[in-house]
Amino acid sequence: MAVSVREGAISSTLLLRRLRAGSRKNATYTAFREVGRVIRTVQLLRYLSDALLRRRVTAATNKVEAFNGFSQWIGFGNGGVITDNDPVEQEKTVKSNALLTNAVIFHNALDIAEIVRQLQEEGYIIAPEDLAHISPYLTEHIRRFGEYSTHELGIQPEAYDPHLDVDFSPLRGNDPPAPDGYGQAA
């Protein structure tokens, strides 16, 4: 099928139309459905047999859920429900929330980096394992219903220094990545 599309014997539009029809009698649909089932079964078996993969999937899922919870906390207006039926307005609402969420995460990361630098200046040793457990999804310091001053908006901030004097190589490990990519850190 892929060769037929590449060679121009069948158009991708026709292929998509056939697949969209979803007829169980359609041979193309049936073939792709079966290939999908095989791939899904192989992935499930790999997941069940590989403890490291399960830990990585769980860690990644937890990160995504934490981000989604933080994003919902940021976009608290109207219970998080988009009431406008206009797709353009819906997209504006979603993108505005994403922008605000990312801005707060960036600000939290800057604050965390500044605190790490202060602790290092005071003589504390900062272990990379400790930093690996710090999340930028902090909300305790944010006053959603508070008063915020905007008079500082025109002041240009100092240049951001992204360097932290912390050796993160122990977190990366010394093992070479597995050829299938499953041995890599999330």
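A residue counts as buried when its relative accessible area is under 20%, and Thr-101, at 0%, is therefore a buried residue. The model described here is predicted, and the protein chain in it has seven helices and zero strands.

**The chain as a whole**

- Read along the sequence, the elements of the protein chain follow the pattern α-α-α-α-α-α-α, in keeping with its count of seven helices and zero strands.
- Of the 186 residues in the protein chain, buried residues make up 12%, while the accessible surface comes to about 14,800 Å², with 57% of that area belonging to carbon and sulfur atoms.
- Where contacts between residues at least 6 apart in sequence are considered, 65% of them join residues at least 24 apart.

**Helices α3 and α4**

- Helix α3, covering residues 27-49, packs with α4 at an angle of about 100 degrees, and the axes of the two helices are 5 Å apart.
- Because angles of 65 to 115 degrees count as roughly perpendicular, α3 and α4 are described as roughly perpendicular to each other.
- On the α3 side the residues that meet α4 are Arg-46, Tyr-47, Leu-48 and Ser-49, and their counterparts in α4 are Ala-51, Leu-53, Arg-54 and Val-57.
- Sorted by class, this contact of α3 with α4 has five nonpolar residues, one polar residue and two charged residues.

**Helices α4 and α5**

- Helix α4 (residues 51-74) also packs with helix α5 (residues 87-121), here at an angle of about 110 degrees and with the axes 9 Å apart, so that α4 and α5 are likewise roughly perpendicular to each other.
- Helix α4 contributes Phe-67, Phe-70, Ser-71 and Ile-74 to the contact, whereas helix α5 contributes Asn-97, Leu-100, Thr-101, Asn-102, Val-104, Ile-105 and Asn-108.
- By class, the contact of α4 with α5 has six nonpolar and five polar residues, and no charged residues.

**Thr-101 in helix α5**

- Thr-101 has its place in helix α5, where its relative accessible area of 0% makes it buried.
- Once its neighbours within four places in sequence are left aside, Thr-101 is in contact with Phe-67, Phe-70, Ser-71 and Ile-74, and these are the residues that α4 brings to its contact with α5.
- With one of these residues, Ser-71, the side chain of Thr-101 also makes a side-chain to side-chain polar contact of 3.5 Å.

**Asn-108 in helix α5**

- Asn-108 likewise has its place in helix α5 and is buried, with a relative accessible area of 2%.
- Apart from neighbours within four places in sequence, Asn-108 is in contact with Phe-70, Pro-136, Tyr-137, Leu-138 and His-141; among these, Phe-70 belongs to the α4 side of the contact between α4 and α5.
- A polar atom of the Asn-108 side chain lies 3.2 Å from the backbone oxygen of Leu-138.

**Ala-132 in the loop between α6 and α7**

- Ala-132 is found in the loop between α6 (128-131) and α7 (169-172), and its relative accessibility of 48% means that it counts as partly exposed.
- Although Ala-132 and Phe-168 are 36 residues apart in sequence, their C-alpha atoms are 9.2 Å apart in space.

Methods. Residues numbered from 1 in each chain as written. Predicted model: local features only at pLDDT ≥ 70, side-chain atom pairs only at ≥ 80, totals over all residues. Heavy atoms only, no water. Axes fitted to C-alpha atoms, helices over the stretch in contact; angles between N-to-C directions. Helix = DSSP H or I, 4+ residues; strand = E, 2+ residues; numbered from the N terminus. Parallel < 35°, antiparallel > 145°, perpendicular 65-115°, else oblique. Contact = heavy atoms within 4.5 Å. Nonpolar A, V, L, I, M, F, W, Y, C, P; charged D, E, K, R; others polar. Buried < 20%, exposed > 50% of the residue type's maximum accessible area, 1.4 Å probe, protein only. Polar contact = N/O pair within 3.5 Å; in protein donor to acceptor, adjacent residues only side chain to side chain. Areas by Shrake-Rupley, 256 points an atom, 1.4 Å probe, with all protein chains shown as cover.
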